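Here's a quick briefing on a protein model, written for someone who likes the cut-offs spelled out. Have a look at the structure, then go through the points below.

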Amino acid sequence: MTGNVDRGTPPDRAAGDVAPDDTDPYGIALAGVADGDGRVFTASGGDWDDIAEAASSLGEERIVVNMGPQHPSTHGVLRLILELDGETVTEARCGIGYLHTGIEKNMEYRTWTQGVTFCTRMDYLTPLFQEAVYCLGVEKLLGITGDIPERASVIRVMMMELNRVASHLVALATGGMEIGALTVMTVGFRERERVLKLFELITGLRMNHAYIRPGGLAQDIPPGALDSIRDALAPLGEGIADIEKLANENPLVKARLVDVGYLDLAGCMALGVTGPVLRSTGLPHDLRKSEPYCGYETYDFEVCTWDTADAYGRMRIRINEMYESLRIVEQCLDRLQELGPAPVMIGDKKIAWPAQLAIGSDGIGNSLDHIRQIMGTSMEALIHHFKLVTEGFRVPAGQVYTAVESARGELGVHLVSDGGTRPYRAHFRDPSFVNLQAMAAMSEGGQVADVIVAVASLDPVMGGVDR
Amino acid sequence: MSDELPTPDEASPDRAGSGLPATLAAEAEIVDVRTGMFGTHGSGDTSGYGGLVRTVAMPAPSERPYGGDFDLVADRLAAALVVQGVADAGAVEKVVVDRGEITFYVRRNDLPAVARALRDDPDLRFEQCSGVSGVHYPQDTGRELHALYHFLSVTHGRRVRVEVTAPDADPHIPSIVAVYPMADWHERETWDFFGIQFDGHPALTRIEMPDDWPGHPQRKDYPLGGIPVEYKGATVPPPDTRRSYS
């Protein structure tokens, strides 16, 4: 970080005045590079031979390698630009943006409810966290946080914790695959399949659920789902134990992970890193405990930490967190059993649709009961349904920032409303985006092979990074 | 509707509209003026309420006490700013407490000092910057571009928001990367999407869009784009040309 001014005072420019070159805002940084470490080669107006000769004087071994964006070990379309001296990484930078889809911009042109359909697609491994944080934000803007039915909150917690298990399993599976531990990969994806089956049973989809909606849920869990979830918990726990047996004390895994991707507490704080990476430094920072939402303060679970601040610690934290998540899911199941049938959507007719969505008996389209209730039983319901679907509800002007503890760290949403039926601005603070900045600090000075381990321990998902 | 009622309906969620008392509404930042019943544009309003005019205002500046820890934070911030060498009280232009969150509107030149004060003061200790977000208010003349910084104190379990504005004609805001290295990518993102230039940023380049992309996509004057889609004989127009109720 060269050339940072402590109290940057931008020169006052008159409106429309073109900035002259000497006030170039990047001039300071460029000057810092020129008299700093590296030599700058200008490729204009010169001879390529001169440049090649000057570059060759720096040594034959120093090369810049472009890893990705289509490299299987870089977790999706992540591009790593590595400057190598032999096998040692001297400088590492990320190139991102290959999966940018303009989700935030698109949300400004849809109703508040339709926003769920967009934000669930950002980080494709943690769709339910995005839905939850967005809906919590909208509910805070509406001032209805306290009115969400308890059954809806319990199901939200249950779905989020199942999602945490699924996401951590993929993190371990892909991380294992990248270091050659293919059995960890097959076990991880096998176990994740159990969670995806539950998601399919409950929401109808394996991903992109749009299940959590502002005010509650799109629909209640189907009959028999509680038993299906309970039946899946024991095999899930055994599967996680399989991964533990394969990885925890495996000398090959330890040789690749221990002391690799080191980032201490000060580094994590400065770079804004959260989630398992931050907890691997020993700090038990978890938003579920420090800023509880959806009633997390009433659940019994531990915040998992480790004290090595390396990739191995993060792996162990992810494994331990899955057990804690299963504990929370069990508590959710007990509560749902106790609560019995109860509404899963807020009672306010200006926000909730007049009937819960239900699929027809043939599995296609809306159920006849659903349509009969809307179209046939009440003129008011018909009007409200029409207004809420076409127009959407209005949200009072203002702005909020809400955050949840996603599988990767603090997932925040900054929502601005101008009093209309659409978000004026929705900005997601995606944990992958922030954590990925730590890649350089973790990898520089290490081996090329360790970059892969460091990136895997950060567990970035490019859908969330690029949005 | 409650037009006839002499007092605004407190329970109504539509606080943004006529629900605000006249004095507060005058101080608050008016973001939009809406006419008619449904907020549609372009097509006639046949509801009979076409003459309705409502102003939409953001939450008004708050008076002390702010409530909770917010008074302590505001006091400590003022004291810490003096330590940082910002003596005059104008650095914090206004304070808004809304929905349990506090927002400090900061004069843009003083942003690095405010960030340093938030990070270094032992009673504040905002160790983490949670993110930078931009918002474009084209109608807010002279303050079109807003940059919002969210800070988290793990020690004290608090959050604050700092809002800084810049005019479209001079879109410069000092960078806080020197104080919070985390802001690096977020400032690049805000430059990319809104065209705010963060002075002193070590490498302010585009991050999501290609390097040669023209314009800044999340500004309100940048069109969404899209083409009409034909489906089962009907044509669905692109989202930004559909009827809007906002």
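Lys140(A) and Glu101(B) form a salt bridge, with the closest N and O atoms 2.6 Å apart; the rule wants a side-chain nitrogen of Lys or Arg within 4 Å of a carboxyl oxygen of Asp or Glu. Chain B and chain A share 6 salt bridges by that count. Bear in mind that this is a predicted model, where local features need pLDDT of at least 70 and side-chain atom pairs count only at pLDDT 80 or more, while totals for chains, interfaces and linings use all residues. Residues are numbered from 1 along each chain as written, chains are lettered from A, and side-chain values use heavy atoms, without hydrogens and water.

**Interface**
- Contact (heavy atoms within 4.5 Å) takes in 85 residues of chain B and 70 residues of chain A.
- About 6,400 Å² is buried between the two chains, 51% of it from carbon and sulfur atoms; that is accessible area (1.4 Å probe) lost on being put together, summed over both parts.
- On the chain B side, Arg99(B), Trp185(B) and Glu208(B) lose the most area to chain A, together 12% of what that side buries.

**Sheet in chain A**
- An open sheet has 3 antiparallel strands in the order E1-E2-E3 (strands are DSSP E runs of at least two residues, paired if DSSP finds at least two bridges).
- E1 (62-67) and E3 (88-95) of chain A are the edge strands.
- E2 (residues 79-85) of chain A pairs with E3(A) over 7 bridges, and Leu82(A) sits opposite Ala92(A) there.

Definitions and conventions. Helix = DSSP H or I, 4+ residues; strand = E, 2+ residues; numbered from the N terminus.
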